[in-house]
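Please look over the sequence and the model shown here before reading the briefing. The notes that follow are grouped by topic.

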Amino acid sequence: MKKIAALIAGLATCAILNAAPSIFYVDMAKAYSQYYKAKAAAEQIQASIDTTKAEIAKMDKNRQALIKDIQAVQEKLKNPALTEDAKKKLAEEAQPKIAEIQQIEANMRNISQQANERLQQNANNIRKVHMQEIAEIVKKLASDKKADFILEKNACHFADPKADLTDELIKRINASAPAGK
């Protein structure tokens, strides 16, 4: 009796060990690039970038006008007929414009730096949320496919194209997309 029980246990163990695990893979970069929410977020980020560029361009236009004014003063200063007092007065008139140019340039740098940092942080936060949403759908996909593993495509040295669930994942993540997206 003990021999029969041991034989059955051995056969069950062999059956379990011989059952191949179900392994699939997905290309998360491709899936994310096709995710409707990621596309919408990218459009919003681009709109913010365009707004910041327009603001900086407006400031630069003002800066360029001030530079032209200072260049005109510099041309006047080259006039040999001007007295030292007149030259001094022209130079004093240019000082506030020079200071304003420096202030504008500093503001342009600050706005650009702050916008880049803010947009990068927002993009990272949005991507993190989206990847969590996609991960939940991957879990559901694994359950539906009775998969033991779903790997990232880039983590595989070789993968049979039949094990690729990327297109299925893309369909699922975009299933709740609003009409027209």
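The structure holds one aromatic pair, where rings of Phe, Tyr and Trp (its six-membered ring) pair if their centres lie within 6.5 Å, with planes under 30 degrees apart counting as stacked, over 60 as edge-to-face and the rest as tilted. Tyr35 and Tyr36 make up this pair, which is edge-to-face, with 5.5 Å from centre to centre and 80 degrees between the planes. This is a predicted model, in which local features need pLDDT of at least 70 and side-chain atom pairs count only at pLDDT 80 or more, while totals for chains, interfaces and linings use all residues. Residues are numbered from 1 along each chain as its sequence is written, and side-chain values use heavy atoms, with hydrogens and water left out.

**Tyrosine rings**

- Tyr35 and Tyr36 are both buried, a word that stands for under 20% relative accessible area, with exposed meaning over 50% and partly exposed in between (1.4 Å probe, protein chains only).
- Arg127 lies over the face of Tyr32, at 4.4 Å from the ring centre; such a charge counts if NZ of Lys or CZ of Arg is within 6 Å of the ring centre and within 35 degrees of the ring normal.

**Arg63 and Met108**

- Arg63 belongs to helix α3 (residues 36–77), whereas Met108 is placed in helix α4 (residues 84–145); helices (H or I, at least four residues) and strands (E, at least two) are DSSP runs, numbered from the N terminus.
- Arg63 counts as buried because its relative accessible area is 16%, and Met108 counts as buried because its relative accessibility is 15%.
- The side chains of Arg63 and Asp60 are joined by a polar contact of 2.8 Å, that is, a pair of N or O atoms within 3.5 Å, where within protein one must be able to donate a hydrogen and the other to accept it, and residues adjacent in sequence count only if both atoms are side-chain atoms.
- Leaving aside neighbours within four places in sequence, Arg63 is in contact (heavy atoms within 4.5 Å) with Ile101, Ile104, Glu105 and Met108.
- Under the exclusion of residues up to four places away in sequence, Met108 touches Ile56, Met59, Asp60 and Arg63.

**Helix α3 and the chain**

- The buried residues of α3 include Thr52, Ile56, Met59 and Arg63, and their cover includes α2 (28–34), α4 and α5 (166–173).
- The chain has five helices and two strands, and of its 181 residues 21% count as buried.
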